[in-house]
Amino acid sequence: MIPLLPKIALGAFLAVLMAVVGVSTYVYLGTRQSKVAAPAQLPTAAQPSPNAFRLPGTMILEQDGALFSLSAGRFHQLTGRAGWMQPSFTPGGNVLAVKQTGYYSDVWMLNRFGKKIRQLTNNAAPPRSYDTGDNHWAFYPRMTADGRTIFLSYDSPKFGYEVDLSIWAMPAGGNLRQGKVWTDEYDSPGYTGGDLQPIPVPGGVMFTRYDRTAEGGIISQVWFTSRAGTFGRAVTTPDEDCREPSLSPDGHSLAMICTYQKQVSNLVIAQYSNGRITGRQAVITNQLVAQPTWAPDGSGIAYLAPALAAAPFQLWFIPRAAYVKPSPSPAPSASAGASPVASPSPVPSPSPLVIKPIQITVNNGFDAVSTIAWAN
Amino acid sequence: MAAAAGGLSYFLPAAYTAFQATGQTVDFPSPSPSSLLFSPSPSASASAAPVGAFTVLLLGSDDDSKFQGGNLLTQSMILVRIVPSTKSVTMLSIPRDLWAPLASGGMGKMDWAYSYGGARGAIATVQADFGVHINDYIWIGLAGLIRVIDAIGGIDVVTSNPVLDDYYPQDINTKSPWGYARIAVLPGPQHLNGTQALQYVRSRHNDLQSDFGRSRRQQQVLLAIREKSHQLSPEDIPPLAQALSGEVKTSISLTRVPALVALATSFDNPDAIHQIVLASPYTHGGAPDGSLWPVWGAILPLVHQYFP
């Protein structure tokens with residue numbers, strides 16, 4: 001016989017134990033949820049590790065409508081979460097960026113600390129307009145090297161339901177009314193979205209055109225045009241389905257994303273000269289790659305890609321050594337009577353060094369349709 | 001026992017929601033005689049059908065505040081044929097504007113079938129017109145799609161082109177559902193949340209192919225959801241069920257759901273996924289009320305090739 005008091009104590013203990021085990025099981029199961037729906041971490045939340053790989057210069061990226069700079073391995077938030085996107089550095093060290101609201105987007109100039117300097121476009125509909133179509137979009141602003149002109153994608157002209165972006169150029173000190181349309185939407189069949197992401201290059205501008213195939217599908221091609229109003233020429237083929245061109249600091253290489261009309265993307269590099277490219281080289285083929293951007297010192301290419309399948313996009317860097325082959329060592333002179341067919345070498349040659357991309361961030365979620373700005 | 005109780009309380013809300021959403025009783029009509037009429041060799045097709053293959057009708061509706069009394073249209077109707085033995089999937093988008101006989105009587109646009117007859121009406125119409133046998137259906141509303149994609153943490157998609165729409169319906173979570181919004185889904189590889197994904201699959205005004213272009217995008221997003229489901233664990237079911245509460249209905253019983261999820265995640269060959277959109281020459285314009293005439297002579301052989 002157990003005395004009454006110890007019996008009550010035992011009962012209470014068992015009740016508490018059951019409650020603890022039950023709650024613990026509930027909590028444990030909750031912790032076993034996959035982290036797929038976990039919100040992206042703020043870039044500034046991560047403490048930089050002293051041993052972490054550091055990118056040269058200063059980079060600006062966008063996450064969730066806010067701009068962040070990355071310099072010396074540390075992120076700083078430049079703007080609030082207010083629809084900021086698509087930053088690019090001006091030659092003078094300021095930043096062009098787009099601020100998108102629900103109905104329109106405008107180009108702003110900020111200083112490199114995120115402070116507003118000037119609003120460059122005014123794309124809101126007139127105050128008494130009830131037609132949503134009276135608003136306009138401006139995207140992907142980029143200033144020329146001489147600092148005099150800003151290229152951008154702008155949805156004008158448009159007609160009714162047809163909204164296609166054209167490449168426009170406006171004076172850096174002026175406004176869009178003084179601007180000039182460079183690529184006309186009528187050049188393409190229309191209803192494709194038009195022309196995007198201009199990058200000024202010596203002698204003209206490169207951009208991505210969305211065009212329609214004979215079968216009715218839509219593909220992207222990198223184009224070059226040298227003058228406003230001229231038709232220009234395609235730099236890539238429709239089958240390659242390339243977009244997001246980025247010119248190297250020395251002007252000799254072009255990086256771009258090619259999808260080959262599939263739900264994958266590849267980082268492709270080609271030699272560039274006078275609006276033409278040769279010798280494509282696929283550098284990344286196993287990731288969903290976006291926004292390739294050359295390091296200002298030419299040491300490699302940064303890009304955005306998910307670390308896991310179907311996950312938010314992280315910042316990656318591929319060093320130059322991964323895609324620039326070292327100069328071949330002098331070939332041994334053929335000895336007399338040597339077979340033209342290479343004989344097996346008794347000493348195995350060292351396997352080539354494989355340089356892998358470096359993942360810079362882990363738990364962030366950068367906007368992969370927003371450009372990366374990068375300067376010294 | 002306490003652990004079991006804790007586990008039960010964890011999964012119980014999900015089970016309750018799942019019981020409500022799944023196993024919807026629908027009196028599936030038998031395939032119409034048209035399947036025998038149009039099929040080149042019905043007996044051969046039946047015998048060639050892989051064991052365990054089944055067909056699901058996916059229905060997507062504008063369940064926004066414009067509609068009262070449950071008379072919803074189906075903006076999206078996709079027939080999905082799943083063949084476990086070959087791990088192949090075929091998705092066929094039925095144009096919502098297709099002018100065809102309705103099971104409720106008379107002729108009309110395809111998207112009226114659900115409005116007039118609910119899931120049974122939509123199934124009966126598709127079975128009769130296309131000569132296929134539908135094993136199950138899944139219906140999802142607009143808010144449901146947003147919630148599903150958000151609950152799985154978004155999806156990765158290579159959006160085909162800039163999807164710009166100056167007159168996109170602003171009809172979710174609003175007091176004035178007849179208003180318009182502007183949307184700009186920019187192109188390229190990217191991570192979409194639920195709202196962005198809905199904009200991508202729903203917009204049609206700036207697409208030369210209108211509903212056909214939209215159908216291609218819908219199939220693309222379905223495949224992206226399937227890709228993301230690889231990363232889910234059983235413990236994710238409660239938050240998912242909570243997200244889906246009231247926004248999904250299906251005839252698939254709860255007991256079959258785990259096996260189907262496992263099946264869906266085991267399909268890893270993109271070349272074994274066939275995507276079909278019934279654009280020209282399968283349809284052409286000029287039918288009443290701005291709808292499309294079907295070219296049955298072209299449609300039915302195609303359908304019977306993939307949906308034997």
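**View 1. Chain B and chain A bury about 4500 Å² between them.** This is a predicted model, and here we look at where its two chains meet. Carbon and sulfur atoms account for 59% of that buried area. Arg182(B), Leu186(B) and Pro189(B) together supply 17% of what chain B buries against chain A, more than any other three residues. Counting who takes part, the contact draws 63 residues from chain A and 49 residues from chain B.

**View 2. Polar links cross from chain B to chain A, with 18 residue pairs in polar contact.** On the chain B side, the elements giving two or more residues include helix 5 (142-151), strand 8 (163-170) and helix 7 (210-229). Helix 1 of chain B gives the largest share, seven residues. Sort the chain B residues that touch chain A by type and you get 22 nonpolar, 18 polar and nine charged.

**View 3. Lys158(A) and Asp166(B) join their side chains in a salt bridge.** The N to O distance here is 2.8 Å. How many salt bridges are there between chain B and chain A? The count is two.

**View 4. Now for a hairpin in chain A, made of strand 2 and strand 3.** Strand 2 (residues 66-71) and strand 3 (residues 74-77) run antiparallel, and four bridges join them. Ser71(A) sits opposite Arg74(A), a residue of strand 3. Two residues lie between the strands, and Ala72(A) in this hairpin takes a positive phi near 50°.

How values were computed: Residues are numbered from 1 along each chain as its sequence is written. Chains are lettered from A and ligands numbered from 1 in the order in which they are written. This is a predicted model: local features need pLDDT of at least 70, side-chain atom pairs count only at pLDDT 80 or more; totals for chains, interfaces and linings use all residues. Side-chain values use heavy atoms; hydrogens and water are left out. Contact means heavy atoms within 4.5 Å. Buried area is the accessible area (1.4 Å probe) that two parts lose on being put together, summed over both. A salt bridge is a side-chain nitrogen of Lys or Arg within 4 Å of a carboxyl oxygen of Asp or Glu. A polar contact is a pair of N or O atoms within 3.5 Å; within protein, one must be able to donate a hydrogen and the other to accept it, and residues adjacent in sequence count only if both atoms are side-chain atoms. Ala, Val, Leu, Ile, Met, Phe, Trp, Tyr, Cys and Pro count as nonpolar, Asp, Glu, Lys and Arg as charged, and the others, Gly among them, as polar. Two strands pair if DSSP finds at least two bridges between them.
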